[in-house]
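Thanks, everyone. Let me put the model up, and then we'll go through its sheet.

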Amino acid sequence: MYRIVKKRLLAQGIALLEVEAAAVAAKVEPGQFVIVRVDEVGERIPLTVMDYNREKGTITIVVQDVGYSSAIITTMNEGDAFQDFVGPLGVASEIENYGTVVCIGGGLGIAPIHPIARGLKAAGNHVISVLGSRSADLLILEEEMRAVSNEVVIATNDGSAGVKGFVTDGLAKVLSEGHKIAAIWAIGPMVMMKAVVEYTRPLGIKTIVSMNPIMVDGTGMCGACRISVGNETKFACVDGPEFDGHLVDFDLAMKRLAFYKDEENRAKARLECHHEGGHH
Amino acid sequence: MAANKIPRHEMPCQDSKARAHNFEEVALGYTKEMAVEEAQRCLQCKKPLCRTGCPVEVLIPDFIKQIAEENFEEASKVLKIKNSLPAICGRVCPQESQCESKCILGIKGEPVAIGRLERFAADYGMKSKKAEMEKTEPSGKRVAIIGAGPAGLACAGDLAKAGHAVTIFEALHVAGGVLMYGIPQFRLPKDIVQTEIDTLKQMGVEILTNQVVGKVTSVDELMANGYDAVFIGTGAGLPYFMNIPGENLNGVYSANEFLTRTNLMKGYKFPDYATPVKVGKNVAVLGAGNVAMDSARTALRLGAENVYIIYRRSRDEMPARKEELEHAEEEGIQFRLLTNPVSIEGDERGWVKSLTCLRYELGEPDASGRRAPVPIAGSEFEIEMDTVVVAIGQGPNPLVTTSTPGLELNKRGNIVADPETLMTSKSGVFAGGDIVTGAATVILAMGAGKKAAAGIDAYLKTK
């Protein structure tokens with residue numbers, strides 16, 4: 001069992017959990033992910049790593065209540081444990097000294113961008129982070145991101161903090177300041193990553209995205225997570241999750257995310273019904 | 001009456017109409033009376049040819065003799081001398097091409113039902129719960145096994161019997177490999193697999209789940225961390241796709257994903273179990289091996305109305321076990337033979353709506369004597385379809401091999417191992433099962449696991 005040693009609510013429905021998983025913590029690198037299962041009847045879901053502590057043997061994950069399993073996870077407390085916690089999975093980010101880089105995190109995507117930004121800064125890059133959320137109260141990990149960035153630009157859809165608009169508006173602000181950008185990492189919802197990629201394509205700036213398709217095993221044995229990159233089928237769990245954003249077929253990836261929409265809604269509705277009945 | 005005049009006992013089965021809608025085991029197993037009568041058919045040959053057909057050389061006449069004499073407990077013990085997992089083998093081995101194909105009674109009549117008797121004895125032994133194990137003197141040597149599938153489990157059982165301390169590293173959250181995620185409940189109940197695995201644990205085998213070797217640790221690290229030998233039994237878990245247009249549409253599964261969702265994650269019990277799996281009205285399964293039969297029969301049980309097996313050769317070339325093929329037919333699976341898909345069409349939302357196929361004919365025999373399927377020009381036709389399961393085979397998963405420098409592979413990515421000892425190009429590192437041979441059968445993997453255990457034992461004695 002993998003025990004939760006620390007929990008912090010970052011915003012409404014968004015929880016940070018520090019979990020005991022020494023073997024994973026010993027090996028994980030920025031850009032990798034874990035697969036977790038809550039209990040005996042649970043499903044396997046992929047979660048990106050926000051932080052790790054090799055000495056303490058812990059992995060920190062950030063989860064937003066968006067579906068059946070994530071709803072359960074966000075209500076778990078310190079002392080509770082995951083049945084299964086597998087990792088590190090996927091290929092680590094290619095961290096080296098590129099010069100000036102931009103790390104874009106949208107919504108929950110700020111969590112996985114955090115160790116990448118920290119790694120890039122430690123490698124000698126000038127790191128400009130662009131953080132986006134719907135509103136100021138939903139913006140997570142701002143302090144942590146400031147600690148691993150040279151500059152931070154915030155964009156909120158409603159303008160309650162930073163630039164009013166999307167992360168692409170935040171990126172426009174960075175570009176307008178005349179930086180010569182060597183590479184961009186963008187992590188967030190697929191629509192956001194697609195928007196960033198379409199924005200940088202004509203500018204010819206290398207843009208790396210972290211794909212978050214449906215996964216089952218996370219070790220390359222099923223192909224549930226397959227996506228199309230440069231017209232070739234790739235398994236995001238073993239070939240990625242990071243890919244050259246300009247080669248990814250986002251329309252296909254977004255359609256595939258909807259594969260189990262009906263079932264997800266059914267499971268979530270059942271969970272809420274349980275809550276109201278006081279069974280959970 | 002002479003033994004060869006008694007007819008072979010049929011296997012009692014669930015009614016085909018009822019079973020097509022449940023996940024309960026199809027074959028119900030012999031009663032004591034049936035088992036004794038069937039066992040009495042065995043001629044107790046002095047030179048039992050049946051044993052030469054068994055990849056793990058089970059003491060076949062000996063355990064059958066015990067059944068004939070109604071010493072069922074003893075029968076199960078005799079079985080276990082050579083086979084650590086008999087309840088599984090009795091169910092999934094292709095006996096018609098192994099032990100039973102060599103039975104002398106098969107020349108003029110029907111061979112002894114060795115597999116059914118094995119299953120009977122193993123199930124009896126399991127229920128009697130007197131599986132006491134003789135304690136072996138510990139050798140002081142430690143062996144790491146990568147992968148808890150049939151090869152790894154068989155290897156672990158024999159090494160534990162030889163007194164070695166065995167630790168299995170398994171990537172998934174349960175041990176069993178294809179026995180748990182691949183072969184469906186209706187053919188191999190999961191509690192039976194679990195009981196066999198628990199017996200190994202009682203013998204002292206340690207099983208660590210959630211350990212992805214290649215990521216969380218590596219072969220070299222295991223060797224550096226005090227393991228005296230390593231056995232790689234990681235199987236053939238990389239699904240092949242057809243590489244035809246439309247394969248990434250919603251509704252297209254690899255058989256591995258479809259079966260994993262249903263079996264390992266118990267998707268057939270959704271929403272009591274959280275993993276969904278869905279099929280539409282019309283399901284096409286591409287391929288005709290055992291994995292294709294399992295997928296087709298699973299789709300039917302999940303509620304599909306029409307399930308088609310689509311295969312470019314003819315019935316005679318189908319690689320599936322005869323019994324599985326017959327069961328599939330009885331349950332109403334429809335066969336579209338000499339047919340091969342060229343593309344999958346989708347709707348505007350990205351969901352499968354039809355399959356375009358070409359009709360084939362068998363051409364002249366090639367150099368190997370096999371008649372090659374040849375497409376018939378202009379024979380294209382379209383079938384409406386909601387779900388497609390691709391079951392055309394699997395390759396070796398590269399996670400372990402690519403993280404192990406110095407490990408010799410062949411051009412298909414399989415590990416090269418010495419045919420006698422199963423040692424790889426790295427000293428002290430052994431490999432067996434599908435990762436060496438490519439996708440084969442459960443019992444061949446178990447045979448390889450046993451062979452490797454002998455190779456490892458001999459190697460450890462030289463150290």
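Start with A:Ile35, which stands opposite A:Val86 in E7(A). Strands here are DSSP runs (E, at least two residues), helices likewise (H or I, at least four), numbered from the N terminus. E3(A) and E7(A) run antiparallel, joined by four bridges. Two strands count as paired if DSSP finds at least two bridges between them.

A word on the source: this is a predicted model, where local features need pLDDT of at least 70, side-chain atom pairs count only at pLDDT 80 or more, and totals for chains, interfaces and linings use all residues. Residues are numbered from 1 along each chain as its sequence is written, chains are lettered from A and ligands numbered from 1 in the order written, and side-chain values use heavy atoms, without hydrogens and water.

Stay on strand E3, residues 33–37 of chain A. Five of its five residues are buried, meaning under 20% relative accessible area with a 1.4 Å probe, protein chains only. A:Phe33, A:Ile35 and A:Arg37 point one way; A:Val34 and A:Val36 point the other. In a regular strand, side chains alternate between the two faces of the sheet.

What does A:Val34 pair with in E4(A)? Its bridge partner is A:Leu47. E3(A) and E4(A) are antiparallel too, over four bridges.

Now the whole sheet. It is open, with seven strands in the order E6-E1-E2-E5-E4-E3-E7 (chain A) and antiparallel pairing. Strands E6 (81–82) and E7 (84–89) of chain A each have a single partner, so one side of each lacks a neighbour in the sheet.

How values were computed. Buried < 20%, exposed > 50% of the residue type's maximum accessible area, 1.4 Å probe, protein only.
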